[in-house]
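This report describes the helix packing, chain contacts and backbone features of one structure. The sequence and the coordinates come first.

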Amino acid sequence: MFPLPLWERVRVRGIQMIINNLIVTYLVCSFISLFIGLVAAFNGFYVWKKWDINSQADEQYLLEKRVYLLITILSVGFFLRLLMAPLWFFTMHSMIISIPGAMCLAGVHNANAPLSYIASALKLVLPALYGYWLILNFLDRQSEIQPFMKQKLLFIAPVGILILLEAIIDTSFFFSNPPRQVSCCTSLFDVPRENIPSMVSQSTWIWVIVFYMLILFILLTILYLFIIQKRSEYSGHGWWFENKMVMVSETLVTTFAFAVFILALHTKISPLFLGLPFHHCIFCLCQEVWDTLIFFVMIFIGLTLFIIYFWVVCSENYKNVNPIFSNNMVKLLKWSGFMLAGGLAVLSIHMVIAV
Amino acid sequence: MSKIAGHSNLLIMAYQNLIRYRGKSLAILIPLITVMAAASFMMFTRGGFVKDAQIAKQFLPDVTVQAIEAGRVGKISLGLIKKIEDIPHVKKVVARTWGYLPLKIGSVDTAYTLMGLDIDNLFVSSKLPWAIEKGAFLTAEDRRKAVLGQGVALSFNADVGDKIQIKDTLGNKGEFEVVGIFNNTVQIYSTDLILVSIDDARGFFNYSKDEASDLLVYADNPENADLIAREIAGRFRNIRVLTGKSLTDLVTEAFGRRGGTFQAMWLILLVTVLLLVWAQSAHISVDMSREIGILKAVGWQTGEIIEMKMMESLILSIGGTSAGILAGFVYALMGTPGISGYCLGCASIYPKFPVPVNCDFSSVALLFILGILPITAISAIPAWLAGIVDPDDTIRR
Amino acid sequence: MIKFDNITKSYRSGKVKIKALDDVSLAIKQGEFVLLNGPSGSGKTTFLNITGCLTRITSGRIWLADREISHFPDHFLSAIRREKFGFIFQQFNLISGYTTWENVSIPLLPMGVSDKMRKKRAMNLLEELNLETRADFYANELSGGEQQRAAVARALINDPEIILADEPLSNIDSENAKTVIAVLEKLKTKGKTIIISFHDSQPLITKLIDRTVYFDSGRIS
């Protein structure tokens with residue numbers, strides 16, 4: 001067996017936490033985020049249960065004050081989340097040195113998989129959920145009857161549960177990091193394993209093509225919706241409004257598009273951009289090819305805004321209040337289109353150069 | 001009258017409020033500056049160690065092989081050189097003989113390293129860490145001659161042409177003529193090393209002709225270091241194999257552990273400051289409550305009051321963090337007076353080893369996140385409490 | 001027009017529920033100068049605060065220019081307060097750490113009005129109230145009468161449609177009172193709606209009054 005240096009053997013004797021400035025910073029943010037999430041979930045549920053727009057009882061005014069609390073802490077929570085996502089990956093990056101065998105984020109993830117992968121996924125999902133809530137809240141407050149009040153209050157509860165789950169996963173990740181030899185991207189992806197049939201598909205263009213088709217489909221959809229709304233002078237008429245089926249299918253398609261995006265990055269874009277035929281590591285790609293982060297973030301934001309658009313316009317009360325909102329929602333749709341088109345452009349330019 | 005102008009007006013008002021309630025502001029600012037100063041000197045110092053270790057890594061061999069005798073590091077046979085050179089991807093194996101020598105500076109016991117190099121086979125001359133500042137490097141024919149690091153030369157008060165007397169713990173003595181002094185690109189080397197020919201080192205430490213302290217293995221490609229290390233460990237018994245990465249990690253970790261103690265202490269301090277901020281912000285005096293009531297009565301919205309209060313926290317946290325970082329940086333540059341011994345740990349055995357400092361963008365960005373984010377977030381609830389003050393109640397009082 | 005339909009307002013003081021207003025119905029036309037009269041604690045201030053959206057009713061309905069605002073959320077009421085109402089308080093309610101002109105222009109701050117423009121508008125009003133020489137004095141350096149004149153200027157900075165004044169002459173001398181009344185007269189000629197409360201008779205303003213509403217124990221008598 002390969003003898004480990006003395007300092008690493010000492011660490012094997014008992015599980016211990018790796019601590020550095022980034023981990024401390026991240027944990028502080030995580031606990032604040034948890035506190036915010038729990039306070040928000042509790043208050044959201046409380047107000048949801050008692051809210052009655054027609055009531056003039058003193059309690060209704062107190063509930064209104066609680067809604068201000070929700071808006072304040074969730075706005076702070078959103079910005080906290082925007083910072084926590086990159087901070088999480090920086091923190092994991094800082095642990096490479098302390099985990100034997102780790103050479104990039106794949107190794108750090110492997111030190112405590114699958115917890116680490118769930119935690120990383122939540123880092124992307126939670127800001128999107130917060131964003132959805134804030135957009136809904138913004139629209140809600142444009143109208144004196146606050147049509148989305150119940151919906152937005154109820155939505156906080158599952159977000160709170162996710163934050164709690166995330167905090168537990170994050171904390172257990174840092175506190176139970178096993179200081180053992182881990183496999184990293186090199187051993188995971190680099191060594192050709194002829195007996196694994198998936199290796200054949202791993203170098204294919206197929207997922208890149210599917211990804212391009214899906215994004216073009218989404219862009220065309222955005223264009224179509226935009227033209228229809230422009231023709232009706234943004235009066236807010238649309239067959240897709242308050243249509244739950246549209247919402248569900250659109251969410252599925254968009255989520256599928258993101259999954260295909262990850263597959264495309266893994267199978268073809270990583271080896272192509274890194275110039276290493278067998279290196280499929282997305283973490284190495286993001287670390288070493290700086291424009292990856294740009295198109296990744298743009299495409300992610302574009303898809304998220306696209307989902308949010310439908311989640312709002314397919315809401316139950318949308319048709320009653322849409323003249324006020326439609327303009328803002330068209331803006332949202334435009335941003336989604338800009339982000340997707342921009343991300344796709346950056347990716348395509350790099351791909352043309354690489355090929 | 002844009003929305004942005006409205007926000008900037010609120011920002012100005014928030015600043016004016018902080019000046020008006022300066023006692024309260026200072027009660028938050030002073031502890032915050034202290035905590036951020038502690039965090040930043042720690043981060044800059046750790047950064048210095050990491051950077052030093054990373055530079056040192058460039059000059060390390062890809063793999064170092066040592067012999068183990070009775071569980072301790074012992075002398076290694078030169079017969080292994082040929083066998084290791086037969087391993088695929090190995091480009092060259094070079095022997096090295098070295099040992100520690102005690103040195104008393106004033107009343108402090110320190111140590112430095114006498115290293116004997118196989119000058120004929122010194123393989124990676126282009127990667128030598130000892131860029132000669134004065135004099136010349138050793139030649140294969142040089143005997144009883146030495147090249148010193150700048151730090152060591154300072155300790156011995158020696159210059160090129162001078163003779164230095166050394167002795168080890170067993171009483172072996174030797175005299176060497178200084179032929180060159182190398183600069184301090186890497187502090188670990190310049191404060192520690194005396195380089196002599198391998199024959200001189202063998203004579204001094206009583207090694208026979210076919211023995212050395214360790215073997216330095218150079219690979220055809222540094223990427224193959226792990227592969228070679230595994231192969232050596234698999235082929236030979238009673239040896240210890242160290243890769244360049246593990247040695248660098250060792251240096252970094254050595255400080256990391258002491259840093260960890262600081263981190264834990266610092267975390268407690270941060271929580272204390274957060275509680276203090278909470279207590280200070282959550283307390284709304286009668287005057288402040290009346291002011292908020294007036295503002296709301298003349299048309300300010302609850303959201304605008306909350307925003308202004310959040311801005312107050314933001315200004316305080318940005319100001320406190322900036323001042324703290326500056327104070328921490330100055331303290332680190334001054335050599336962390338009072339705690340430098342603890343910071344240096346093993347490195348304190350080197351004569352005159354200054355605490356390295358490294359201040360880069362990512363450290364400063366991190367410190368700003370650390371200072372601003374928790375304070376701003378913790379102020380959200382006090383800001384809300386201020387925002388929901390009932391104007392009717394307060395202006396009637 | 002402002003219309004109040006069977007409004008009540010109850011406060012809770014410990015375990016006791018106090019009815020500050022009880023089944024009050026009233027309609028005030030645009031441009032009307034209405035005096036609210038009645039003894040202390042009769043409900044005048046509560047009525048003024050409800051009118052100015054400073055506090056909420058317990059039951060009933062309120063219309064402001066044909067919009068029912070009884071159920072409006074707080075941020076809508078604040079916006080109405082900022083755009084439509086100007087408030088003059090008995091206790092002046094200036095903020096002591098700010099100068100006179102800063103106090104006068106404080107309602108404009110969150111609206112994003114520039115420093116220069118705010119000062120210009122504040123100075124115009126201060127001139128009208130003979131207070132321009134005190135513009136850079138801190139609020140606590142002004143006499144009672146000067147403070148009330150500054151408070152009047154603050155109430156007018158947004159050019160509101162409705163002015164609500166709660167015992168505006170109670171804490172000032174007759175000279176200052178005359179200045180304030182002159183301003184109210186001017187506002188009336190401009191067609192502003194003015195609702196003013198006094199616990200006693202005020203001969204100085206009698207000629208301005210279109211209608212007097214008497215309050216007694218929370219009811220209009």
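Helix α1 (residues 3-20) of chain B packs against helix α10 (residues 302-333) of chain B at an angle of about 60°, with the axes 8 Å apart. Axes are lines fitted to C-alpha atoms, for helices over the stretch in contact, and angles run from 0 to 180 degrees between N-to-C directions. α1(B) and α10(B) are therefore oblique to each other; angles under 35 degrees count as roughly parallel, over 145 as roughly antiparallel, 65 to 115 as roughly perpendicular and the rest as oblique. The crossing of α1(B) past α10(B) is right-handed, where left-handed would have the near helix turned anticlockwise from the far one by less than a right angle, and right-handed clockwise. From α1(B), the residues B:L10, B:L11, B:M13, B:A14, B:Y15, B:N17 and B:L18 meet B:E304, B:E307, B:M308, B:M311, B:E312, B:I315 and B:L316 of α10(B). Two residues are in contact if their C-beta atoms, placed from the backbone, lie within 7 Å. By class, the residues of this contact divide into 10 nonpolar, 1 polar and 3 charged. Ala, Val, Leu, Ile, Met, Phe, Trp, Tyr, Cys and Pro count as nonpolar, Asp, Glu, Lys and Arg as charged, and the others, Gly among them, as polar.

The model is predicted: local features need pLDDT of at least 70 and side-chain atom pairs count only at pLDDT 80 or more, while totals for chains, interfaces and linings use all residues. Residues are numbered from 1 along each chain as its sequence is written, and chains are lettered from A and ligands numbered from 1 in the order in which they are written.

**Chains A and B**

Chain A has 13 helices and 0 strands, whereas chain B has 14 helices and 13 strands. Helices (H or I, at least four residues) and strands (E, at least two) are DSSP runs, numbered from the N terminus. Of the 355 residues of chain A, 41% are buried; in chain B, buried residues are 44% of the 397. A residue is buried if 20 or more other C-beta atoms lie within 10 Å of its own, exposed if 12 or fewer, and partly exposed in between, with C-beta atoms placed from the backbone. Among contacts in chain A between residues at least 6 apart in sequence, 79% join residues at least 24 apart. For chain B, residues 24 or more positions apart account for 82% of the contacts with a separation of 6 or more.

**Packing of α3(A)**

Within chain A, the axes of α3(A) and helix α5 (residues 115-140) come within 9 Å and cross at roughly 150°. α3(A) and α5(A) are therefore roughly antiparallel, and their crossing is left-handed. The residues of this contact include A:L74, A:F78 and A:W88 of α3(A) and A:L124, A:Y130 and A:W133 of α5(A). The crossing of α3(A) and α13(B) is right-handed. A:Y68, A:L69, A:T72, A:I73 and A:V76 of α3(A) make the contact with B:A380, B:A383, B:W384 and B:G387 of α13(B). By class, the contact of α3(A) with α13(B) has 7 nonpolar, 2 polar and no charged residues.

**Contact of chains B and C**

Chain C gives 22 residues to its contact with chain B, and chain B gives 23 residues. On the side of chain C, helix α2 (residues 74-84) supplies the largest share, 5 residues. That side has 10 nonpolar, 8 polar and 4 charged residues.

In helix α7 (residues 225-235) of chain B, B:A225, B:I228, B:A229 and B:I232 are buried. Seen down the axis of α7(B), these buried residues fall within an arc of 100°, so they line one face of the helix; the arc is that of the directions from the helix axis to the C-beta atoms.

| Residue | Phi | Loop of chain B |
|---|---|---|
| B:R144 | about 55° | between β6 (132-135) and β7 (145-149) |
| B:N206 | about 60° | between α6 (198-205) and β11 (211-212) |

B:R144 is not a glycine, and it is partly exposed, with 14 other C-beta atoms within 10 Å. B:N206 is not a glycine either; B:N206 is exposed, with 12 other C-beta atoms within 10 Å.

In chain A, A:F217 is found in helix α9 (residues 206-231). A:F217 counts as exposed, with 12 C-beta neighbours inside 10 Å. The C-alpha atoms of A:F217 and A:Q287 are separated by 30 Å, and the two residues are 70 residues apart along the chain.
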